Amino acid sequence: MNCQPLLQNWTPAQAERMNTAIFVAQHRLHQLELFRDEHLVETLDRHPRRDLGINTMGSDPVRHTDWQEGRAGNLTAEQLLAAAKQGRVWLNLRRVMDHHPEYCELVNQLYEELEATCPGLATYNRSANLLISSPEAIVYYHLDCPVNMLWHLRGSKRVWAYPLEAGLVSDETIEGVLCGEKSEELEFRPEWDELAIAHDLQPGEMITWPQHTPHRVVNTGGVNVSLSTEHMTRQAARRNNVFLANRHFRAVLGGEFRSTELQGWRPGLKEFTLRVMRRIPALAPQPPQGFKYPISFEVDLEAPNCVRPVAESREPKFVPM
Ligand SMILES: [Fe+2]
């Protein structure tokens, strides 16, 4: 347990805004030993490879189809970290709370402090991914289903978040992402940046935004290390269920189920009805599908960008989540 608080300089006014605005605040996770090279190598080494995402990408933010999935081959943890430093590689150590007790403790401490700081916040389904990425890596425009927070630790990156009020993302798109019909990477136009809030994220800063806010990231200096945490709240679950209910009710019952209002008795009834329908096979929606990219490269310290294409490339496919 870290005796000192992990959150720094949060004012009550900030905490109030956390769920409603694109929001940057300070923390001190980057000062912990845990994120130095030797600990990263140790964590990478102990981390099950089935939960290690390895990706590469292009440099044009519009061409999201350049996102590729790779494999580590026989590389050691040390070599993988070296590839992240010198190549164009994105390592995602998924579900670190499940695999590393020290991360479980750390993330729970973070959330306990968050809940103590933000009035009314109650989180569940907490999870965290450790992201280690190359100095010029990017993440394409996309949106996430749970609430997510990016705790930045090393290197620098520019983050663009596109306020939901700008209307860039339709309700049908959110529905499509939630039920897995659409990949989380979405079509993007550079002119949308005028509507975005851009922030140069430094170690010791955390950025978050209201659930379903689309965002994209470009690394701007040094190997980047960040902890991405995700959680649900009752309100976040309701929001997801209202979107899923709208889509399912339109498909099953016809009519215009489009309201995304979250207050009052109607959304509660929608959520309840969806839950009941999930239990009746004839009325249940299809279980969500995940978008699975084919493996198209292997990490190789000798190859350009540390990316060596492999022949067995197949078409991307959707698989049950
Ligand atoms: Fe994201």
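Let me start at isoleucine 174. Apart from its neighbours within four places in sequence, isoleucine 174 is in contact with Leu143, Val169, His212 and Phe243. Please keep in mind that this is a predicted model. Isoleucine 174 sits in helix α6. Is isoleucine 174 buried or exposed? It has 24 other C-beta atoms within 10 Å, and the cut-off for buried is 20 or more, so isoleucine 174 is buried. For a sense of scale, take arginine 36. Isoleucine 174 and arginine 36 lie 138 residues apart in sequence, and their C-alpha atoms are 37 Å apart in space.

Two of those contacts lead on to other parts of the model. I will take Phe243 first. Phe243 belongs to helix α7, where it is one of the residues that meet α6. On the α6 side of this contact are Asp171, Ile174, Glu175 and Leu178. On the α7 side are Asn240, Phe243, Leu244, Asn246 and Arg247. Sorted by class, the contact has four nonpolar, two polar and three charged residues.

How do the two helices cross? The axes of α6, residues 171-178, and α7, residues 234-253, come within 9 Å and cross at roughly 100°. Angles of 65 to 115 degrees count as roughly perpendicular, so α6 and α7 are roughly perpendicular to each other.

Now α7 by itself. It has 20 residues, and from its first C-alpha to its last it reaches 26 Å, close to the 28 Å expected at 1.5 Å a residue. The buried residues of α7 are Ala236, Arg239, Asn240, Asn241, Val242, Phe243, Leu244, Ala245, Asn246, Arg247 and His248. Just after α7 comes glycine 254, with a positive phi of about 75°.

The other contact to follow is His212. Histidine 212 is in the loop between β10, residues 205-208, and β11. It has 22 other C-beta atoms within 10 Å and is therefore buried. Its phi is near 75°, a positive value in a residue other than glycine. As background, most residues other than glycine have a negative phi.

Arginine 95 is another case. Its phi is near 55°, again positive and again in a residue other than glycine. Arginine 95 is in the loop between β5 and α4, where α4 is residues 96-99. It counts as partly exposed, because it has 15 C-beta neighbours inside 10 Å.

Serine 156 is in β8, which runs over residues 147-161. With 16 C-beta neighbours inside 10 Å, serine 156 counts as partly exposed. Which residues does serine 156 contact, leaving aside its neighbours within four places in sequence? They are Asp200, Leu201, Gln202, Thr220, Gly221 and Gly222. Asparagine 19 is 137 residues from serine 156 along the chain, and their C-alpha atoms are separated by 24 Å.

Last, helix α3, residues 77-86. Leu80, Leu81, Ala83 and Ala84 are buried there. They cover an arc of only 155° around the axis, so they are on the same side of α3. In general, an α-helix has 3.6 residues a turn, so residues three or four places apart point the same way. The buried residues of α3 pack against α2 (37-46), β5 (90-93), β6 (124-133), β11 (215-232) and β13 (295-299).

Notes: Residues are numbered from 1 along each chain as its sequence is written. This is a predicted model: local features need pLDDT of at least 70, side-chain atom pairs count only at pLDDT 80 or more; totals for chains, interfaces and linings use all residues. Axes are lines fitted to C-alpha atoms, for helices over the stretch in contact, and angles run from 0 to 180 degrees between N-to-C directions. Helices (H or I, at least four residues) and strands (E, at least two) are DSSP runs, numbered from the N terminus. Angles under 35 degrees count as roughly parallel, over 145 as roughly antiparallel, 65 to 115 as roughly perpendicular and the rest as oblique. Two residues are in contact if their C-beta atoms, placed from the backbone, lie within 7 Å. Ala, Val, Leu, Ile, Met, Phe, Trp, Tyr, Cys and Pro count as nonpolar, Asp, Glu, Lys and Arg as charged, and the others, Gly among them, as polar. A residue is buried if 20 or more other C-beta atoms lie within 10 Å of its own, exposed if 12 or fewer, and partly exposed in between; C-beta atoms are placed from the backbone. The arc is that of the directions from the helix axis to the C-beta atoms. The expected span of a helix is 1.5 Å times one less than its number of residues.
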